[in-house]
Amino acid sequence: MSVYISRDKLDDYRLNLLLIHDTYTNNKEFIDKKVDTFLNKFNNYNGLKSKVKISNSNLDNYARMSISYSLFETGITQMYHLFEQFLKMYFNVDLEKDYKNVIKIANQYDYNLTENEYHKLMNKYRLLNNAIKHGGIINLEKEYPSLVNQTYNDNDYGTILDNKLNITEVELDECCSCLYSFVDEMNTYFEDMGYIEMED
């Protein structure tokens, strides 16, 4: 029984994590352009629909915060998606099957993924990823109440897109670091135990 992985795959995984991280990091120049585009579209639309009066400064602040927030959300979900795909590829698991199969296969090699030093942090981003993608925050709030905006009112917005979560660049950085470190520690075990067969 062997895990088949090329020497470059772990480096590629790390590179792709960093590329996603850097793409969605709060980039002022990018956000400025997005805000300008949004304001132009809004003002053109508003010129056709009279009666709506919002000051450009308030609109600018709202757009800036929303764009930044969306970047953080997307960065976290993209990195977590890459992490899941890497594990499934690593253990040659059918992509249509549940992630629990990855745990079962790792157990066949006497490796318990939950004992990985970075498992708790990885699980934090699993919960956060699920909250962003599916809107449910109950499990996230139990474990990490500080990540949920307690002043948020579902009756006002009813969508995960309206700053329901307290996510910042700190979470983006931590997510990138822990998802790489988790895989790095796991890979070290498989190398040390002689389970890895390198492809030519």
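With a disulfide taken as a pair of cysteine sulfur atoms within 2.5 Å, the count comes to 0 disulfides. Both C178, at 2% relative accessibility, and C176, at 9%, are buried, where buried means under 20% relative accessible area, exposed over 50%, and partly exposed in between (1.4 Å probe, protein chains only). The model is predicted, and local features therefore need a pLDDT of at least 70 and side-chain atom pairs a pLDDT of 80 or more, whereas totals for chains, interfaces and linings use all residues. Residues are numbered from 1 along each chain as its sequence is written, and side-chain values use heavy atoms, with hydrogens and water left out.

The protein chain has 7 helices and 2 strands, these being DSSP runs numbered from the N terminus (helices H or I, at least four residues; strands E, at least two). Along the sequence these elements follow the pattern β-α-α-α-α-α-α-α-β, and 41% of the 200 residues count as buried.

Helix α1, residues 9–24, comprises 16 residues and reaches 23 Å from its first C-alpha to its last, close to the 22 Å expected at 1.5 Å a residue, the expected span being 1.5 Å times one less than the number of residues. Its buried residues are L10, Y13, L17, I20 and H21. Seen down the axis of α1, these buried residues fall within an arc of 100°, so they line one face of the helix, the arc being that of the directions from the helix axis to the C-beta atoms. On the other side of α1, D11, D22 and T23 are exposed. The C-alpha atom of H21 is separated by 9.7 Å from that of T74, although the two residues are 53 apart along the chain. T74 belongs to helix α3 and is partly exposed, with a relative accessible area of 28%.

Between α4 (100–108) and α5, the loop contains D110, whose phi is near 60°, a positive value in a residue other than glycine. Most residues other than glycine have a negative phi. D110 is exposed, at 62% relative accessible area. In helix α5, the end C-alpha atoms are 22 Å apart, in agreement with the 22 Å that its 16 residues should span. The buried residues of α5 include M122, Y125, L128 and I132, together with the charged K124. G135, which follows α5, has a positive phi near 85°.

A pocket is here an open set of points on a 1 Å grid over the protein atoms alone, where a 1.4 Å probe fits, with protein on both sides within 12 Å along at least five of seven lines, and lining residues have an atom within 4 Å of a point; the volume is the space filled by probe spheres set on the points, which are joined across faces, edges and corners. The lining is formed by Y80, E84, D98, Y99, K100, R126 and N130, and the elements that give two or more residues to it are α3 (56–90) and α5 (119–134). By class, the lining divides into 2 nonpolar, 1 polar and 4 charged residues, with Ala, Val, Leu, Ile, Met, Phe, Trp, Tyr, Cys and Pro counted as nonpolar, Asp, Glu, Lys and Arg as charged, and the others, Gly among them, as polar.
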